[in-house]
Amino acid sequence: MSELDDIQKLLSPKKESERKETTVKNALDTVKTANESFSDLGIIESSEGLLGLISEKRVSNEKVIESYGNVEIVDVGKDLYQYRVRIPNLTTADHEIIQSIQKIATKIIDIRKESVNAKIRRVALTEKIYDMVTKTRSLNVSETKMKAYADIISREMGGYGLFDYLLDDDQLEEVMVVPPKLDVYVFHRKHGMLLTNIIIESDGYVHNVIERIARDVSRRVDTNTPLLDARLPSGDRVNATLKPASVDGPSLTIRKFREDPYTIVDLVKFKTLNPEAAAFLWLAVEGMQGYPSNVLVSGGTSSGKTTFLNCISMFIRPTDRVLSIEDTAELKLPLEHWIRLETKPPSVEGTGEVSMDVLLKNSLRMRPDRIIVGEVRHDEAFTLFTAMNTGHQGSMGTIHANSSEETLVRLMSPPMNVPEQMATALNLIVVLNRINVPKIGLKRRVTEIAEVSGVKKPELHLLYSWDAERDEIVMIDKNSLTKKLIHRYSGVSLPQIDAEMDLRMQLLTEAAKTNISSLGAFSTFLRKYYEKQR
Ligand SMILES: Nc1ncnc2c1ncn2[C@@H]1O[C@H](COP(=O)(O)OP(=O)(O)O)[C@@H](O)[C@H]1O
Ligand SMILES: [Mg+2]
């Protein structure tokens, strides 16, 4: 009888009576390959035997800044705080057992049958492996240990190895691996950039994880196609580069997806903008059922453009038909009448590409009330502005630019090439920046809200601007074109529009105070408000 049959028999509950306690032990012995020299470091070897480990090294006068779950944020006297993953206390013998169980589990569990969502797959695997170890009587270890074994093995088999520790932490925005030392950094919501205690010993470990990721999204990544940009089934967005594209070795950048996306109330709480500016944008985006504005959210990389676009898109009335077009579907909206379109890169043979522009053109034939374009970059800009010019009011998107002026310049220059006259269809530009706020640190702030006017060519009209001293966005011009347009198309008088904005400002202030900020709570709050207005 083969070793596999033995194990399967052991694991099958029906044949419990036939179980021979020694069988698994023998099986464990035959596949045992422990690496003792690293045992004190908490070695975790992947199935391919490529090293990645978690250092347990401490320095004498370190200071723990924060501690939660299995994480410690520690001041170790360096430029960056350390993000320390605390691992279960396992002995050399434990590691031997873990490796042996993993080898057997790899043989008897077909992970291809599990979900492509690594998180779900891991949970399923953990259960199966836990089941397997609890049925292995010869193991004779505590339940806590069995759970730890199952957890570690499922992570290596079905997850993304050591990176899962980081992907599991909701406090992290980004996970980064930097060659050639393969240092692992994280960007923490509260503490900013941190260096982790994860040590990766070889390019192979990162390669292996990148390959697993590529497999999960049915893509290929190798020396011929050394770049991978993809959205994982969990929503996390991955960018990976291999040699020769990244000269010093593989790099990995994972932008983590928030299960519960931020709402405008969160942004008010973070002081990204104040309730007044938020109320103004609510008015502009919703348009009081008369004139919804065409809005572009500008900013640099990671300034919070997509998040902001998502927040203001929540103001869209639930009765509108919304179409969104993105390179990687990041938007998460509490809307039901919403069709999400996502571009598709060309295959390895260079065929089958579905570009942003093609999707946008197609969406115009789908009778949208609202068009949302994730990020405007190339020729789709022209199509978007054609849409805006032909009556698709209330279109929105993001664009990479650092000011409202630069936004216009970029729109009207290659590769976007929107003609001057067409560019006037834009109504509002919201600019986000990461600003070094004195005594507080690097924070995301709305630094400008500008209106666009003009007939032959666009003219900028700065309405709100960030005041460094107050660390707040302040109105610098009362005369709003947006309000005039709403007045013209909805028939509501200007004083009434002002009163409405005041009311919305109070509502948002109240929502921030009483913590109505989760997606669910805030969308219910909005719906109720809209219902009352009918
Ligand atoms: N106003 C904000 N305050 C705090 N964190 C934010 C804010 N906006 C975005 N973030 C976080 O910053 C990261 C980058 O945001 P994202 O919207 O994707 O940026 P961009 O689209 O400009 O590249 C995300 O992890 C997001 O959760
Ligand atoms: Mg973005």
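How many Å separate the centres of domain 1 and domain 2? The legends below start with that question, and every view shows a predicted model.

Figure 1. The chain is divided into domain 1, residues 3-255, and domain 2, residues 264-533. Taken over C-alpha atoms, their centres are separated by 40 Å. If you look at where the two domains touch, you will find 5 residues from domain 1 and 6 residues from domain 2. On the side of domain 1 that touches domain 2, there are 2 polar and 3 charged residues, with no nonpolar ones.

**Figure 2. The surroundings of ligand 1.** Here ligand 1 is surrounded by 14 residues. The closest to the ligand are Glu173, Gly304, Lys305, Thr306 and Thr307. Helix α10, which covers residues 305-313, gives the largest share of this shell, with 3 residues. Sorted by class, the shell holds 8 polar, 4 charged and 2 nonpolar residues.

**Figure 3. Helices α3 and α5 where they cross.** This view brings together α3 (residues 92-108) and α5 (residues 143-158), whose axes come within 10 Å of each other and cross at roughly 55°. Because of that angle, α3 counts as oblique to α5. The crossing of α3 past α5 is right-handed. From α3, the contact uses Asp94, Ile97, Ile98, Ile101, Gln102, Ala105 and Thr106. From α5, the partners are Lys145, Tyr149, Ile152, Ile153, Glu156 and Met157. By class, 8 residues of this contact are nonpolar, 2 are polar and 3 are charged.

Figure 4. Follow the backbone from Lys243 to Pro244 and you meet a cis peptide bond, with omega near 0°. Pro244 sits in the loop between β11 (237-241) and β12 (251-255). As background for this view and the next two, most residues other than glycine have a negative phi, and most peptide bonds are trans.

**Figure 5. A cis bond between two prolines.** Pro414 and Pro415 are joined by a cis peptide bond, and omega is about 0°. You can find Pro415 in the loop that runs between α13 (404-412) and α14 (420-423).

**Figure 6. Ser218 and its positive phi.** What is the phi of Ser218 near? The value is near 50°, which is positive in a residue other than glycine. To locate Ser218, look in the loop between α7 (203-216) and β10 (227-231).

Terms used: Residues are numbered from 1 along each chain as its sequence is written. Chains are lettered from A and ligands numbered from 1 in the order in which they are written. This is a predicted model: local features need pLDDT of at least 70, side-chain atom pairs count only at pLDDT 80 or more; totals for chains, interfaces and linings use all residues. A residue is near a molecule or strand if its C-beta atom, placed from the backbone, lies within 6 Å of it. Helices (H or I, at least four residues) and strands (E, at least two) are DSSP runs, numbered from the N terminus. Ala, Val, Leu, Ile, Met, Phe, Trp, Tyr, Cys and Pro count as nonpolar, Asp, Glu, Lys and Arg as charged, and the others, Gly among them, as polar. Axes are lines fitted to C-alpha atoms, for helices over the stretch in contact, and angles run from 0 to 180 degrees between N-to-C directions. Angles under 35 degrees count as roughly parallel, over 145 as roughly antiparallel, 65 to 115 as roughly perpendicular and the rest as oblique. A crossing is left-handed if the near helix is turned anticlockwise from the far one by less than a right angle, and right-handed if clockwise. Two residues are in contact if their C-beta atoms, placed from the backbone, lie within 7 Å. Domain bounds come from an automatic or database domain assignment.
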